[in-house]
Number of protein chains: 2
Amino acid sequence: MDEIDRNLVVALQENGAAGLAELSKVAGLSVSATAERVKRLEEREVIRGWRIDLDPVAAGCPLLAFVFVAMHPGDGDAGFVAAMKQHEAVLECHTVTGAWCYLLKLRLADIAGLETFVSQAVRGQPGVARTETILALASPKETAILPVAEAEEE
Amino acid sequence: MDEIDRNLVVALQENGAAGLAELSKVAGLSVSATAERVKRLEEREVIRGWRIDLDPVAAGCPLLAFVFVAMHPGDGDAGFVAAMKQHEAVLECHTVTGAWCYLLKLRLADIAGLETFVSQAVRGQPGVARTETILALASPKETAILPVAEAEEE
DNA sequence: AATGAAAATCTTTCTCA
DNA sequence: TGAGAAAGATTTTCATT
């Protein structure tokens, strides 16, 4: 990750459909050298994949909720984590500091779907002790674009 | 958003670099008809943009934190929201139900950066009454791939 | 590693249904 | 709105520095 890779990655986060002609200007390299750079970023899994930014309303999952989960101590959590990974509605599952064990980020069609999901898919899991559900009423900002640190050689 | 659009969007969420040849198989249409479909999905802003999935460690922002923010009543929050939108470290800013006003999702380089950011960029904002910071210790799942509901005509 | 040009591939446009 | 073919653009490969 030198300065050129950094510039490429910043440009591709804004516009993943940018062509090599455009990217070569960003990189200050020829088209073929730029293509080689992008290929190596993929090989090193700095770029893990290519995605689209999809409108959640159009996708039919306008409801955004966060769910804190506390587990009974002692029981392993592997089953719980595996279950969360399987559900499409679970966009994120983090282990967290503080009073709770997990924080989930969910996207669902509506409140009825949330009710069903939390009571069955989450609270139905073995080991779950308590949950707390928080609804997002609005999202002034929601991006997957990461801040990219200044270049440090790798 | 008919069944074909839905299939296209599901395929593109998995692989945004899929070519029209591959997508036309998914859609069950010719290449040109598929190209027209994708173009219309962009025009209708169902597809809002093209992105890469970037490794946060390689990007230099391995630390993930959630920050709850309570505001003093009465003061407008427009300034706070505008400030959060400007900061790259703030990936998400949601207004939420419950005891807090906002939930922020932050990505930063390290704990020192988090300390500085929360005390200055967040707690330094006019109107902020209290904050609570939660660290993610691990993220068994973190995706931006949305669940796409069964087709409903638009 | 990078360049420039040739070759291969993919996307876009256009006509017709 | 879709299919197929031609035209145009882009990506990939390769020889060279």
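Predicted model: local features only at pLDDT ≥ 70, side-chain atom pairs only at ≥ 80, totals over all residues.
The contact between the two protein chains draws 59 residues from chain A and 59 residues from chain B. About 5,700 Å² is buried between chain A and chain B, and carbon and sulfur atoms contribute 61% of that area. On the side of chain A, the residues that lose the most area to chain B are A:Arg51, A:Ile52 and A:Lys141, which together make up 14% of what that side buries.

Polar interactions also cross this contact. Between chain A and chain B, 37 residue pairs are in polar contact, with both residues at pLDDT 80 or more. Six salt bridges are counted between chain A and chain B. In one salt bridge, the side chain of A:Lys105 meets that of B:Glu92, with an N to O distance of 2.7 Å. Sorted by class, the side of chain A that touches chain B holds 35 nonpolar, 11 polar and 13 charged residues.

Strand pairing also links the two chains. β5(A) is joined by four bridges to strand β3 (residues 90-96) of chain B, and the two strands run antiparallel. Opposite A:Ala138 stands B:Thr95 in β3(B).

Over all chains, the whole structure contains 23 salt bridges. A:Asp5 and A:Arg44 form a salt bridge in which the closest N and O atoms are 3.7 Å apart. This pair links distant parts of the chain, as A:Asp5 lies in helix α1 of chain A and A:Arg44 lies in the loop between α3 and β1 of chain A, 39 residues apart.

Both protein chains contribute to the surroundings of DNA strand C. From chain A these are A:Leu29, A:Ser30, A:Ser32, A:Ala33 and A:Arg37, and from chain B they are B:Gly19, B:Leu20, B:Val31 and B:Ser32. Of the atoms of DNA strand C that come within 4 Å of the protein, 61% belong to sugar and phosphate. A base oxygen of DNA strand C lies 2.9 Å from a polar side-chain atom of A:Ser32. The side chain of A:Arg37 places an N or O atom 2.9 Å from a phosphate oxygen of DNA strand C. From chain B, a backbone N or O atom of B:Leu20 is 3.0 Å from a phosphate oxygen of DNA strand C. Two elements give two or more residues to the surface near DNA strand C, namely α3 (31-43) of chain A and α3 (31-43) of chain B. The largest share, three residues, comes from α3(A). By class, the surface near DNA strand C comprises four nonpolar, four polar and one charged residues.

DNA strand D is likewise surrounded by residues of both chains: A:Gly19, A:Leu20, A:Val31 and A:Ser32 from chain A, and B:Leu29, B:Ser30, B:Ser32, B:Ala33 and B:Arg37 from chain B. Sugar and phosphate make up 62% of the atoms of DNA strand D that come within 4 Å of the protein. A polar backbone atom of A:Leu20 lies 3.0 Å from a phosphate oxygen of DNA strand D. In chain B, a backbone N or O atom of B:Ser30 is 2.6 Å from a phosphate oxygen of DNA strand D. An N or O atom in the side chain of B:Arg37 lies 2.9 Å from a phosphate oxygen of DNA strand D. The elements giving two or more residues to the surface near DNA strand D are α3 of chain A and α3 of chain B. With three residues, α3(B) gives the most to this surface. The surface near DNA strand D divides by class into four nonpolar, four polar and one charged residues.

Terms used. Residues numbered from 1 in each chain as written. Chains lettered and ligands numbered in written order. Heavy atoms only, no water. Contact = heavy atoms within 4.5 Å. Buried area = accessible area lost by both parts, 1.4 Å probe. Salt bridge = Lys/Arg side-chain N within 4 Å of Asp/Glu carboxyl O. Polar contact = N/O pair within 3.5 Å; in protein donor to acceptor, adjacent residues only side chain to side chain. Nonpolar A, V, L, I, M, F, W, Y, C, P; charged D, E, K, R; others polar. Pairing = 2+ DSSP bridges. Near = heavy atom within 4 Å.
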